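Thanks for passing this one along. I have gathered my notes as numbered points, to be read with the model open beside them.

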Amino acid sequence: MEKYYRTEEVETIALNKLSMEVKEGEFVAIMGPSGCGKSTLLNILGMLDDPDAGSYLFNGTEVANVGERKRADLRKHNIGFVFQSFNLIDELTVYENVELPLIYTGVASSDRVKRVEEVLEKMQIMHRRNHYPQQLSGGQQQRVAIARAVVNKPKLILADEPTGNLDSSNGNEVMELLTDLNEQGTTIIMVTHSEHDARYSHRIIRLLDGQTVMENIMI
Amino acid sequence: MFRNYLKTAIRSLAKNKSFTLINVLGLALGLTACLLIVLYVIDELSYDRYNDKASRIYRVNEDLKLGGNRMQYAVCMPPLAKALTTDFPEVEDAVRIKNAGSMHVKKGTENIMEKSVAFADPSLFNVFTLPMINGNASNALAEPNSIVMTESAAIKYFNSTNVVGKPIIIDDKGGYKVTGVIKDIPQTSHFNFDFFISMSSFPDSRSDRWLRSDYNTYVLLKPGADPKRFEAKFPGLLRKYSSSQMQNELHISLDQFEKGGSFFKLNLIPLTDIHLKSSMIGELGANSTTEYIYIFSAIGLFILIIACVNFMNLSTARSANRAKEVGVRKVLGSSRGRLILQFLSESILITFAAVVIALTAALFLLPQFNQLSGKQIGFNSHTLIWLAPVSLFIIAVVGLLAGTYPAFFLSAFEPVHVLKGKLRTGLKGGGLRSFLVVLQFCISVFLIIGTLVVYNQLRYIQNRDLGYDRNQVLVIKNTYELNKQAATFKQQIKQLPGVIDATLSGFTPTSSGRRTSIFNKEASLTDQSKSIFPQSWYVDEDYIPTMGMKLKAGRNFSLQMGTDSTGLIINETAAKFLGFKDPIGKNLYQFDDPKFKKVVTYQIVGVIKDFNFSSLRQNISPVIFQLRQDAGLLSVRVKTKDIPALISQIKTMWHSLTPADFDYTFMDEEFAASYHKEQQTGTIFLIFTSLAIIIACLGLFGLAAYAAEQRTKEIGIRKVLGADVSTIVAMLSKDFIKLVFIAIVIAGPLAWFAMQKWLQGFAYRQAIPWWVVAVAGGGALVIAFMTISFQSVKAALTNPVESLKSE
Ligand SMILES: Nc1ncnc2c1ncn2[C@@H]1O[C@H](COP(=O)(O)OP(=O)(O)OP(=O)(O)O)[C@@H](O)[C@H]1O
Ligand SMILES: [Mg+2]
């Protein structure tokens with residue numbers, strides 16, 4: 001895949017003929033210096049963005065340049081996102097934030113209650129279900145974000161520096177959660193700067209200037 | 001210090017260009033519209049105030065009730081003016097003006113028709129302020145055949161204003177002499193003439209009759225005189241002069257006359273009230289009504305409110321985005337007072353810019369506005385006297401109002417809260433903002449409904465079955481020029497191909513002149529309660545078929561019936577007034593020549609269905625047709641594709657009979673002209689209503705943009721979680737649409753009742769159709785939705801990658 005950013009004069013090559021493969025059920029960490037293209041790659045994998053050239057096979061189907069509607073559809077049924085800055089909606093409660101993906105995929109409201117409560121239980125945040133994001137600690141917020149990412153039972157979870165804003169004990173908790181999810185079958189691709197966090201994964205892909213430079217198999 | 005505020009203010013405004021633009025333009029647009037309306041209203045209120053003695057001038061009106069029919073006249077008896085000056089010490093002077101209709105003034109070999117000609121007493125220039133450029137004001141109109149003309153008339157005929165003493169030919173008669181040139185009469189005068197001919201040139205003006213009214217009569221009271229006490233002396237005056245004439249002519253005493261329930265009274269109207277409050281028979285020109293003043297003032301106020309609301313809404317909405325700036329400034333040590341000053345100077349700066357733009361725009365738009373409203377408003381030193389302080393006042397009030405709320409609200413932020421994270425300010429102050437949006441749309445919906453009802457009513461009036469067919473009727477004027485040949489001319493025209501029928505008559509249903517006379521049910525003519533005071537029109541036997549009127553009973557006039565010269569055809573209303581169950585064959589009586597007590601017996605031969613001939617604001621009054629062959633108008637019903645050819649054919653025939661001008665109109669045009677003023681007002685109404693709605697939408701546009709911006713990140717997250725564009729658009733639009741909907745629910749019924757009240761002023765009106773409210777509500781919703789979706793769609797289409805990164 002290739003991805004360029006053109007501003008007035010400069011053309012930045014964010015992804016330079018990058019090639020990679022992730023198998024179902026894998027837990028992959030992506031590492032590399034700041035500005036090397038990790039987030040760009042993750043956005044493309046999450047179908048939030050299009051590559052400028054190349055091909056992206058998701059579950060065997062070509063999804064590069066397929067059009068916004070189709071991508072949105074694939075995305076909401078198959079992919080969950082976890083961000084460094086949590087990206088919870090401040091105006092909604094914990095419960096409502098987690099419920100949102102279910103609304104967008106058209107799950108009936110009786111089912112929604114069950115599934116949201118189930119996942120909040122699992123993330124151990126049930127007692128805060130009626131709080132607003134601002135009333136939670138960073139670690140709690142990230143647990144809500146993960147709950148939201150998994151409530152739809154996605155095949156793939158994309159996490160961009162999920163522990164970047166957390167202290168080490170909260171960070172470890174999040175990594176445990178991701179590992180649990182992976183063990184239950186969810187594929188996880190995670191961007192991280194932390195070698196410590198990367199150790200939770202099966203494999204580390206190292207990027208430099210938009211190219212894979214090295215792959216470490218952890219297991 | 002102040003310079004520092006100003007600098008910061010300018011920078012902050014420049015940084016938010018689109019916000020500043022919407023805010024300044026919206027306010028400027030509103031102020032421009034408001035300013036034009038204020039100029040219009042001031043112009044309407046300033047009528048006749050150009051007269052130095054305006055506060056002491058009154059017009060004498062006659063209030064007449066005869067046989068159950070009451071009429072208000074702007075004209076009085078010929079000898080009244082003289083009697084007022086001789087009998088009453090409080091009267092300083094009095095003047096009569098008599099509209100002379102049209103006259104032909106000769107320029108070289110050409111006869112030009114002039115329609116603004118009047119006879120006037122010499123005292124004209126003492127009572128009214130009509131400055132004389134050339135000539136002696138005190139005696140210019142003293143001698144017979146003297147003519148005073150306006151500056152532009154003098155230029156038109158002599159190319160000079162220095163023309164006193166020059167002869168002038170009128171209606172092909174010499175002997176007239178120019179005795180004065182006055183400045184053009186201001187447009188804000190209830191009368192507007194180009195030529196004044198001395199009253200002594202008009203023999204009828206010496207009439208001593210007190211039982212007729214056809215002279216507009218004005219009195220100038222001495223300073224300090226009480227008009228009410230003066231008015232109280234009128235009954236005595238009438239008794240003194242009219243009793244003997246009434247006895248001689250009607251053969252009854254004034255007491256008997258009044259016992260029958262009839263009366264005739266005189267009253268005064270202040271000169272400056274005439275334009276807005278008087279619409280009587282015999283006015284010197286079409287006047288306006290206070291109703292329009294109220295409507296326009298209300299619209300002006302509405303627009304100002306809408307524009308100011310926008311300004312406040314956008315300012316407070318934007319203030320939330322500046323929470324962080326406030327937090328930082330406070331941490332750095334800025335006091336609350338300073339912040340308040342900072343915000344206030346920004347909003348005052350914006351208001352100032354808007355006022356400057358509005359003044360400039362109004363100046364440029366004034367010519368168009370004048371054309372639209374038929375006015376001649378100009379900016380002059382007079383305007384500046386009130387405009388300058390008003391502008392400063394607006395800058396201060398609007399600037400402070402709009403700036404105060406954000407200033408105090410924002411400056412009260414605790415920096416810790418602001419800096420810690422996102423403050424939920426977008427929602428705070430939202431209550432007030434929602435209220436203001438509802439207010440704006442209430443006004444807009446109200447105005448839309450108002451406009452629709454006005455248009456619906458005007459269209460109804462114009463398309464109503466008036467009881468005659470005004471289309472395809474050519475009306476040739478001044479057929480008295482043809483003398484005895486008029487009837488022959490009519491017969492010739494009837495032969496022309498393309499002509500269906502033709503009729504000679506004194507009036508058409510659309511002509512403005514009217515003639516009334518008195519009939520009695522009893523030959524003795526003494527019992528006033530048995531009399532009727534209808535309009536009486538001379539028509540010929542072709543009138544009813546040519547006009548497309550319908551007989552309800554009896555028959556049309558016929559030349560075969562030798563007795564039809566004393567036959568009458570009455571309208572349904574006259575029949576009702578007379579109280580005849582079967583009017584056909586009944587007699588009515590009238591004096592032929594009062595001096596010899598000769599009574600003529602008339603017989604009703606037909607009843608015609610009521611037709612509308614005056615404004616549809618009024619009920620139909622009694623009309624009686626009398627048969628005559630020599631009246632002044634020839635109406636021709638035509639049916640041809642080539643009307644110009646037919647007209648030129650008729651014109652050739654006309655000129656073979658007379659050298660006089662060939663003057664014609666079409667009946668439907670004359671009809672339209674009588675509603676011109678209402679149409680004009682309707683158009684202005686429509687324009688300002690649209691403006692109000694545009695300004696309201698501009699505000700909504702700004703608010704929607706603000707809301708979308710506030711929620712950029714939220715939109716991004718929702719999209720990542722799977723929301724599609726329509727979901728996002730619906731989410732962003734919902735809140736505003738809800739407000740507009742509330743506005744419709746509130747304003748709909750209010751407007752309905754208000755317009756119902758307006759319609760009461762029309763004798764013929766159409767109930768407000770249900771679709772008016774539906775269209776207004778639907779229209780407001782659609783316009784609002786389109787305005788908002790522009791922003792919401794833009795926000796919804798933004799790639800979430802961008803919005804999430806901005807954190
Ligand atoms: N919208 C954009 N316009 C222009 N250049 C961009 C844009 N987004 C990213 N880039 C550039 O593309 C390159 C890759 O950016 P990317 O965000 O993927 O880096 P990253 O590896 O995630 O860095 P970090 O670890 O700091 O998050 C960078 O050089 C960046 O400057
Ligand atoms: Mg990154």
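1. Conventions first. This is a predicted model, in which local features need pLDDT of at least 70, side-chain atom pairs count only at pLDDT 80 or more, and totals for chains, interfaces and linings use all residues. Residues are numbered from 1 along each chain as its sequence is written, chains are lettered from A and ligands numbered from 1 in the order in which they are written, and side-chain values use heavy atoms, with hydrogens and water left out.

2. Chain B as a whole. Chain B has 25 helices and 25 strands; helices (H or I, at least four residues) and strands (E, at least two) are DSSP runs numbered from the N terminus. Its C-alpha trace spans about 110 × 60 × 60 Å along the principal axes. Of the 807 residues in chain B, 52% count as buried; buried means under 20% relative accessible area, exposed over 50%, and partly exposed in between (1.4 Å probe, protein chains only). Taking contacts (heavy atoms within 4.5 Å) in chain B between residues at least 6 apart in sequence, 79% join residues at least 24 apart.

3. The interface. The size of an interface is often given as the accessible area lost when the parts come together. Here chain B and chain A bury about 1,900 Å² between them, with 57% of it on carbon and sulfur atoms; buried area is the accessible area (1.4 Å probe) that two parts lose on being put together, summed over both. On the chain B side, R718(B), V720(B) and L721(B) supply 30% of the area buried against chain A, more than any other three residues. The contact draws on 17 residues from chain B and 18 residues from chain A.

4. What crosses the interface? Three residue pairs are in polar contact between chain B and chain A, both residues being at pLDDT 80 or more. A polar contact is a pair of N or O atoms within 3.5 Å; within protein, one must be able to donate a hydrogen and the other to accept it, and residues adjacent in sequence count only if both atoms are side-chain atoms.

5. Helix α22 of chain B. The elements giving two or more residues to the chain B side of the contact are α22 (712–720) and α25 (800–805) of chain B. α22(B) gives the most, with six residues. Within this helix, E714(B) and R718(B) lie four residues apart, about one turn. Their side chains meet in a salt bridge (2.9 Å, N to O), and both residues are buried.

6. Strand β9 of chain A. Five of the six residues of β9 (residues 203–208) of chain A are buried. Strand β3 (residues 27–31) of chain A runs parallel to β9(A), joined by four bridges, and A29(A) stands opposite I204(A). Strand β10 (residues 211–217) of chain A pairs with β9(A) in the antiparallel sense over six bridges; strands pair if DSSP finds at least two bridges between them. β9(A) and β10(A) form a hairpin with two residues between them, and D209(A) in the turn has a positive phi of about 50°.

7. A buried arginine. R59(B) sits in strand β1 (residues 57–66) of chain B and counts as buried because its relative accessibility is 0%. Its side chain makes polar contacts with the side chains of S278(B) at 2.8 Å and E283(B) at 2.9 Å. Residues touching R59(B) also include N216(B), Y218(B) and M280(B).

8. Salt bridges elsewhere. The whole structure holds 34 salt bridges over all chains. In one of chain A, the side chains of E99(A) and R112(A) meet at 2.9 Å, N to O. E99(A) lies in helix α3 (residues 94–104) and R112(A) in helix α4 (residues 109–122) of chain A, so the pair ties together parts 13 residues apart in sequence. Both E99(A) and R112(A) are buried. In chain B, K552(B) forms a salt bridge with E572(B), the closest N and O atoms being 3.4 Å apart. K552(B) counts as exposed, at 53% relative accessibility, whereas E572(B) counts as partly exposed, at 22%.

Technical notes: A salt bridge is a side-chain nitrogen of Lys or Arg within 4 Å of a carboxyl oxygen of Asp or Glu. Lists of a residue's contacts leave out its neighbours within four places in sequence.
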